Amino acid sequence: MAKKSSRRDFVKRSAALVAGAFVLPQILPSSAFGMGRRIAPSDRIVMGSIGTGSQGMSNLKDFLKLKDAVQFVAVCDVDKLHLAVAKETVDLANKNSDCRTYDDYREFLEKEKLDAVSIALPDHWHGIIYSAAANKKLNVYGEKPICRTIKDGQTIVSSVKKNNIIWQTGSWQRSLTNFHRGAELAINGRAGKVKYIEVGLPDGNKGIGTPPVKPVPPELNWEMWLGPALKVPYRGVSHWDWRWILDYSGGQLTDWAGHHIDIANWGAGLEHTGPVEISGAGVYPVEGIFNVPVEYDFLCKYANGIEMRVANASRLPLGMGTTWHGDLGWVHVDRGDIISASDPKILNEVIGENETHLYKSENHWQNFVDCVRSGKPAIAPVEVAYRAISVALLGEIAMTTGQTIKWDPEKEEIIGNPRATRLLSRPYRQPWILPTV
Amino acid sequence: MKKQYLLFIVLAGLLTFFCACKNETAYKTLIITGQNNHNWKASSPVLKQILDETGLFSSEIITTPDKGGDMKAFNPDFSKYKLVVIDYNGDSWSDKTNNAFVEYVRNGGGVVLYHAADNSFPSWKEYNEMSGLGGWGDRNQKDGPYVYYKNNQLVTDTSAGNGGSHGKRREFLVRTRITDHPITRGLPEAWLHGTDELYSQLRGPAKNMQILATAFADSAAGGGTMRDEPMLMAITFGKGRIFHTTMGHADEGGGPSMHCAGFIITLQRGAEWATTGEVTQKVPWDFPSSAGVVLRSDFKELTLEEAITNIGSYDIVKSTKNLSYLQNKIRSLAGDEQGLLKLEKMMVKVLTGKETTIEAKKLLLRELSWMGSDYSVPAIKALESDAELKDEAEFALSRLQTK
């Protein structure tokens, strides 16, 4: 506590020094004082939040639980109702009414001086806002999947690397014991050398037909919600249900890729590469505005011979979750603390000192905060998240085109297929552009 | 004048000749109806239309005498037909007719049993062997076991109880159980059926019967057995083959159950198998999936030309079915450059059409953005100056020019 007051003194002194030149906000990020990006353990990390819908609020609350570690000072959303709830939550935690609100992320990034930002937006916004936050040198806790297209992902990864910020993806399964343990058993060959992986993601969502066009509710800035996506009339579908519409998401497949595909990659050493061949098929609705595949099933082949099948859960023998099949058996993990194996003895195996020990985190949000302080990489770094969602996006392209896709995971290019190549990116509606790195 | 007249005669003659040929090659089919606890006046013409639509069948409808009428008068010559479709649930036929029908099937005649036909003739032994399973008409344990799936296992259940029940009508998921039968080959594992009665608790001799598809009778809609009940069955009797569909409860004009593309296509395939033992029909693009029910407004498969023309009149309150058709077509043409170019030309024709709506143009521009070629570029460039289409035209051009 003594140290905490000393920081306040420091702030006061600094403020006194520059008083008259300009007025400082009440809370200053530690990084504003020429300390570099490292933040003393005693200092609270100053944060803001962009996107305060369901997942944004969930993350905000998880961060607020770490009350001695972070302090939120500003929130941003295109829905005034979301914004009001977020401000109320932050003010309650801070025991004041100072939380600043923004309806435009550009103004938020311009005015706020922060250490880190938590971002949870529909996928079609990720490319622009993740890159913009990185370019502002903010450390980012960003929701999965990190991009809607491969090109968006490449830009985000480059922006994060160039600006040397700490990045944590919201792939929080990595910070749970069963997923960590399963991946560690797999990567250390406890089921034998991994040859084949099955990844089961949720079955598709039922359609809602074609709802009539409605007036945009006064609290929602629809134009800003759409942002770089093509303009469409408002039909009462925005928050949450954007994930059933291809303009904004690839459905359950892309929504969950950042979980079970990410875990699959972790336990198979595929975190920094991608498949070389992808083929499969999806079942698409015939009617209605929800147009993501309700069933999907595709196979990815890797250069080292590993194959990964990704499908909606009811098509797979073990359903939801990740299953690594080795030449000696299999290991399976899923939510609900599930971990199982072809032979229960596998689950009691001890991983020796000289074997591979995967990054250990007990709390995904704490891990981010710790890394912002230490400058070390977080457990779910950006390029790893990009490789996880790439699998789903390439699967999506294979299903859209009806073709087997050849992918060069080094150059990150589709080989010999100009039509499929066009699907690697998506033009933005003017005036929006992907920030340059 | 004289020459033209002669030409007309020749053409008319040729046309008659071809029509006659077509009729001769089609399998002669007899649809029997006339009594039913269902609206047979609505269902039988629909059955005829569905079968004749394939070009494989040439069917005629025969009606029995009314209830209580003299069945001696009902005496069709089954041997003239390759297929007999039963849309009948009523008085017993004469012994002579029954025997003739049994002979017909024994000798290899094809049969389709449709919906309430499996309610009919509870005490006619051979007929029940043909249907495999039946319901109502005081059917119980004396008539044979219940047969159904439970937890993905085929169950033959001899417990006592009445045969036949159904809950409230609703849409339900039909699950293909045998995927390598000619009727079901190429069908999805599961598909959503239009609002219908879900026949449950059928029981019967169940001899020489394969259950091709089932539906789970959940209890949410009432009357559910919590079993996967048989929906489509393939049965053999002597040399004859019987296709039994429990679906298709008819409303005036057919109703959603008969307009369902899944009902129509399985009936067409089942009828061909019953007739020849093989199925030559391809599974049409609009076969439903688990994603949603597909209703055919006039029982016909949409053609590509129709779909693309229909897209031209799309507006934001209309169905996107035609677009889905186009997207499916693009997928199915993967790798076929000539086919894709032909399709692209059709799309551009609608894109530049005077009658085409703005919303339709937006849809087409999105598809052309990735599947198009240089051929589309001038037409798309011309739309850039249109304030309402500027965004979509730029989107398409930008993507088409991705290197």
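## Buried residues of helix α10 in chain B

In this predicted model, the buried residues of α10(B) include Ala360(B), Leu363(B), Leu364(B), Leu365(B), Leu368(B), Trp370(B) and Met371(B), and Lys361(B), Lys362(B), Glu367(B) and Ser369(B) are also among them. A residue is called buried if 20 or more other C-beta atoms, placed from the backbone, lie within 10 Å of its own. The helix is mostly covered, with 11 of its 14 residues buried.

Helix α10 of chain B covers residues 358-371 and reaches 20 Å from its first C-alpha to its last, close to the 20 Å expected, where the expected span is 1.5 Å times one less than the number of residues. Helices are DSSP runs (H or I, at least four residues), numbered from the N terminus.

## Packing and the side that touches chain A

The buried residues of α10(B) pack against α7, α8, α9, α11 and α12 of chain B, together with α12 (418-422) of chain A.

Between the chains, 25 residues of chain B are in contact with 27 residues of chain A, contact meaning that the C-beta atoms, placed from the backbone, lie within 7 Å. On the side of chain B that touches chain A, the elements giving two or more residues are α8, α10 and α12 of chain B, and α12(B) provides the largest share, six residues.

## Numbering and confidence

Residues are numbered from 1 along each chain as its sequence is written, while chains are lettered from A and ligands numbered from 1 in the order in which they are written. Local features need pLDDT of at least 70 and side-chain atom pairs count only at pLDDT 80 or more, whereas totals for chains, interfaces and linings use all residues.

Conventions. Buried ≥ 20, exposed ≤ 12 C-beta atoms within 10 Å, placed from the backbone. Contact = placed C-beta atoms within 7 Å.
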